[in-house]
Amino acid sequence: MSGGPPGAGLLGGIPDDVSLYVLLGVPVDASPQQINTAYKEKAKIHHPDKNKGNPRAAEIFMQIKKAKEILLDQAARQAYDALIAAKSARQQRTVFADESRKRMADSLLERERAAKRSRNEEEQARKRLEAEIMRLKREGYERMLQKKKQQAAEQPTANIIPTASTTVKSPPDQGGTIKVRWSTKASPTTHLYTREHLQALFSQYGTIDALLMAAKGGSAVVSFAKLESAKLASSESGFEDNRLKIILVQKSESLPSKPAPPPSHVPADTPVPATSSTTTSASTSTSSTTSSTSASEGEPGISLQSHLTYERQVLGRLAAAAERQKREKALLQAQQAQEHDSTNKPTPNVAPSTESNNDH
């Protein structure tokens, strides 16, 4: 067999993608006689002597000659047929693998889309649940506030008339105070607190003597009649979307100067101090008590001295309550001033080092 030039390929110049059977124009199962006949016909057409002006004819003539030699040799033809079968099997595997990869890629993409849809649905369901929980909590606080208002409106206001069996109770303890803070950044999901909300929120822990709220919101001071109530209220967290930060104020902070407790018995000739906030209440209480005293002077078992003692006890307690409110207001103002100073405090300039200047 005549071989092609060096480097012409496995089939001596015949491209790998060209079939020898196609080149000769014979079927795959052609006999040696059919191959010779086809070669002679192709050689007549592409012989270089008959195509002197066509350089491509000599190349084609060498290819059909090489194809005839391979196909007429039984061992070479078997090897060539095995190569063709292996190429065909590889192409089929490649096509199958491509289709499998495409199906796998489509399946992965669909699973990712399904997972994303599931996450979105779960997030939306969580948001709806949070919104419903917040709605229920707001409605609960509103019902509590409405109930408090109804109880306050239905509670009868009767004047207390002292009798001979009336015993003067000992003055209550100094109570407790808490500082409350919350965020004032408004958003569709953030709940902002009002005075009514705070009143309804903390009144469940005990009697509130005073509730002072900053003008711009964000902080408040709540004073309870009992220290135990203030301790219980310090654990309140408020709404989930706007948590409360509560600090229990110690007696040393809430009471700058410890006042003397109201006397259990005040002589008749001792004047009782009255502040501006208690003048009206004191005068009203005095007039009502005096009228009650005048009306009941003739009743047996009730003396004028008992009426006067009770009146002085009421005035003393009113003065103590007013003094406590004044101290709490001063404490809140001092706290706001401290926050304002810390916010507007300028950054100190660092003076250059004296030693470094001397070195230069």
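Ser219 lies in strand β3, which spans residues 219–224, where helices (H or I, at least four residues) and strands (E, at least two) are DSSP runs numbered from the N terminus. The structure is a predicted model, in which local features need pLDDT of at least 70 and side-chain atom pairs count only at pLDDT 80 or more, while totals for chains, interfaces and linings use all residues. Residues are numbered from 1 along each chain as its sequence is written, and side-chain values use heavy atoms, with hydrogens and water left out.

- When neighbours within four places in sequence are left aside, Ser219 is in contact with Val180, Arg181, Trp182, Met213 and Ala214, contact meaning heavy atoms within 4.5 Å.
- Ser219 and Ile246 are separated by 27 residues in sequence, and their C-alpha atoms are 9.7 Å apart in space.
- Strand β3 is mostly covered, with six of its six residues buried; Ser219, Val221 and Ser223 point one way from the strand, whereas Ala220, Val222 and Phe224 point the other way.

**The sheet around β3**

- Four strands make up an open sheet in the order β2-β3-β1-β6, with antiparallel pairing, and two strands are taken to pair if DSSP finds at least two bridges between them.
- The edges are held by β2 and β6 (245–249), each of which has a single partner strand, so one side of each is left without a neighbour in the sheet.
- Neighbouring strands of this sheet are turned against each other by 20 degrees on average, direction ignored.
- Strand β1 (residues 176–181) runs antiparallel to β3 and is joined to it by six bridges, with Gly176 standing opposite Phe224.
- Strand β2 (residues 208–213) pairs with β3 over five bridges, again in the antiparallel sense; Ala210 has Ser223 as its bridge partner in β3, and Leu212 has Val221.
- Five residues lie between β2 and β3 in the hairpin that they form, and Gly217 in the turn has a positive phi of about 75 degrees.

**Helix packing**

- Helix α4 (residues 74–154) and helix α5 (residues 195–202) pack at an angle of about 85 degrees with their axes 9 Å apart, the axes being lines fitted to C-alpha atoms, for helices over the stretch in contact, and angles running from 0 to 180 degrees between N-to-C directions.
- This angle makes α4 roughly perpendicular to α5.
- Tyr141, Met144 and Leu145 of α4 make the contact with Glu196, Ala200 and Leu201 of α5.

**Nonpolar cores**

- The largest nonpolar core has 19 residues, and those with the most contacts inside it are Ile178, Val180, Phe202, Val222, Phe224 and Leu244; such a core is a set of buried Ala, Val, Leu, Ile, Met, Phe, Trp, Tyr and Cys residues joined through side-chain atoms within 4.5 Å.
- Two or more residues of this core are given by each of α4, β1, α5, β2, β3 and α6 (227–233).
- Beyond its neighbours within four places in sequence, Phe224 has contacts that include Ile178, Phe202, Tyr205, Ile208, Ala230 and Ala233.
- A second, separate core of 18 residues includes Leu20, Ile70, Leu71 and Tyr80.

Notes:
Buried < 20%, exposed > 50% of the residue type's maximum accessible area, 1.4 Å probe, protein only. Parallel < 35°, antiparallel > 145°, perpendicular 65-115°, else oblique.
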